[in-house]
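Here is a short briefing to read alongside your structure.

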Amino acid sequence: MKIRVLFTFFMIASSLAIPLASHAAPESVRIGLASHFSEPSSSTSNPYGDYFRSAVKLALRDAAPRLEKRGLKIELEEFDYGTTQVRVLDAAKKAAASNVIGVLGYNFSSHALLAGPIHQQAKLPMLTPSATADRIGRMGPYVHTACFDNAFMGQALARVAKTRLHASRAAVVVAADCAYCQDLSHAFETEFTQQGGIVSVRSEVLQGDTDFSASVVQLRSANFDVVLVPGQDALNSARIISAVLNAGIHKPFLGGDGWGDVSDEFFSVLGNQGLEGYSVSHWHPEVENPKSRSFAREYFAKFGKRPNDTAVLAYDATLLLIEAILNARTMTREGLEAALAGMKTFTGVTGAFRFREGTAPAKSLVLLSVNNKHFKIIETIPPAAQDRRGQNKVRGND
């Protein structure tokens with residue numbers, strides 16, 4: 001009798017030790033990262049892609065609880081294209097042939113414009129965090145951007161020239177071999193002339209130039225009130241500005257997000273030359289809102305350096321992509337595309353997004369004043385003016 005009782009007790013105890021239900025392994029979702037990871041960037045704002053990669057990892061960490069709740073695990077595959085245009089095409093083709101269901105990256109406009117048609121043909125969703133060329137939003141349904149475009153930047157800079165600086169004539173020094181630079185300069189010129197301004201001189205250089213004496217000669221013989229330097233590279237922009245200032249031409253300078261928002265090299269080139277400048281950006285470390293402060297604090301704690309605009313845009317884009325993944329009905333390229341196309345709004349560190357058909361999302365930008373030492377926030381410019389000008393419809397409200 002004692003043996004039977006002990007056996008029964010052992011069987012009950014053993015059964016209680018067995019879990020009632022076992023947890024299934026999380027479903028793997030493969031996402032690609034496309035950037036210049038192995039070579040120094042031509043832009044001081046994103047050396048080796050570390051700001052981009054680091055921000056993606058931080059976003060994945062912050063989104064982990066939501067992903068785990070859905071039984072999902074993000075796996076990353078990097079597609080490195082160094083600094084050459086040909087390798088961008090190779091990277092996009094490798095991504096298309098892989099088993100990733102979406103790609104985050106192609107940080108510069110020139111990269112995104114090359115990769116976009118390949119992604120469209122392969123029906124592989126791509127989301128660029130920071131490429132601002134206007135054409136990106138019109139390349140097709142599988143090509144997405146997570147930032148405002150050059151049209152909005154150009155409009156904002158033209159208004160700064162007209163309303164803040166009361167300029168009637170403008171000079172433009174622009175790189176002929178830079179898609180971003182040409183796009184932004186044309187957006188500015190269009191808006192500036194529509195407001196009654198005149199572009200009195202347009203001087204073209206190359207991105208690799210270090211001698212700008214020919215541009216200085218052109219500017220000396222022209223009459224203008226402001227100088228637009230729409231450089232993609234902060235260092236190259238600083239060199240152009242320095243050459244103009246050294247020639248004794250002291251006018252206010254205007255620039256886009258390519259100037260960056262925290263750039264020691266930009267200021268090291270300019271020294272104490274008496275720069276008066278204005279630029280626009282997606283974000284600045286001194287933006288006063290809880291999300292921004294939290295992001296800046298967490299990024300510094302994890303990586304030991306202050307984030308720049310590349311980092312914050314990558315962080316927002318990653319969380320935006322994760323939001324689409326969580327909303328997707330199937331973990332396929334088609335499922336992810338349907339979820340991305342169905343998004344109407346999103347709120348990130350850089351503010352509120354409103355997605356529109358065939359163009360970049362409507363977002364605010366930050367206007368900065370620039371001197372020899374730092375970038376300082378002047379104001380935040382909402383996208384309402386852009387919406388009034390366009391024909392762009394908010395998604396889902398057709």
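**Aromatic contacts and cavities**

Helix 10 (residues 290–303) holds both Phe295 and Tyr299, which sit 4 residues apart, about one turn of the helix. Please keep in mind that this is a predicted model. Phe295 and Tyr299 make a tilted aromatic pair, with 5.8 Å from centre to centre and 45 degrees between the planes.

**Aromatic rings**
- Both Phe295 and Tyr299 are buried.
- Together with Trp283, Phe303 and Tyr315, Phe295 and Tyr299 form one aromatic cluster.
- The count of aromatic pairs comes to 11.
- Phe37 and Phe52 form a stacked pair, because their ring centres are 6.2 Å apart and their planes lie at 25 degrees, where under 30 degrees counts as stacked.
- This pair links distant parts of the chain, 15 residues apart: Phe37 is in the loop between strand 1 (27–35) and helix 2 (50–69), and Phe52 is in helix 2.
- Phe37 and Phe52 are both buried.

**Charges over rings**
- Lys305 places its charged end over the ring of Tyr51, 4.1 Å from the ring centre.
- The charged end of Lys162 sits over the ring of Phe192, 5.7 Å from its centre.

**Cavities**
- The whole structure contains 4 cavities of 30 Å³ or more.
- The second largest cavity has a volume of about 90 Å³.
- Its lining has 13 residues, and Ala175, Cys181, Gly231, Gln232 and Asn236 lie nearest the centre.
- Strand 6 (169–175) and helix 8 (234–246) are the elements that give two or more residues to this lining, and strand 6 gives the largest share, 3 residues.
- By class, the lining of the second largest cavity has 8 nonpolar, 4 polar and 1 charged residues.

Definitions and conventions: Residues are numbered from 1 along each chain as its sequence is written. This is a predicted model: local features need pLDDT of at least 70, side-chain atom pairs count only at pLDDT 80 or more; totals for chains, interfaces and linings use all residues. Side-chain values use heavy atoms; hydrogens and water are left out. On a 1 Å grid over the protein atoms alone, a cavity is a set of points where a 1.4 Å probe fits but cannot get out, and a pocket is an open set with protein on both sides within 12 Å along at least five of seven lines; lining residues have an atom within 4 Å of a point. Grid points are joined across faces, edges and corners, and a volume is the space filled by probe spheres set on the points. Ala, Val, Leu, Ile, Met, Phe, Trp, Tyr, Cys and Pro count as nonpolar, Asp, Glu, Lys and Arg as charged, and the others, Gly among them, as polar. Rings of Phe, Tyr and Trp (its six-membered ring) pair if their centres lie within 6.5 Å; planes under 30 degrees apart count as stacked, over 60 as edge-to-face and the rest as tilted. Buried means under 20% relative accessible area, exposed over 50%, partly exposed in between (1.4 Å probe, protein chains only). A charge sits over a ring if NZ of Lys or CZ of Arg is within 6 Å of the ring centre and within 35 degrees of the ring normal.
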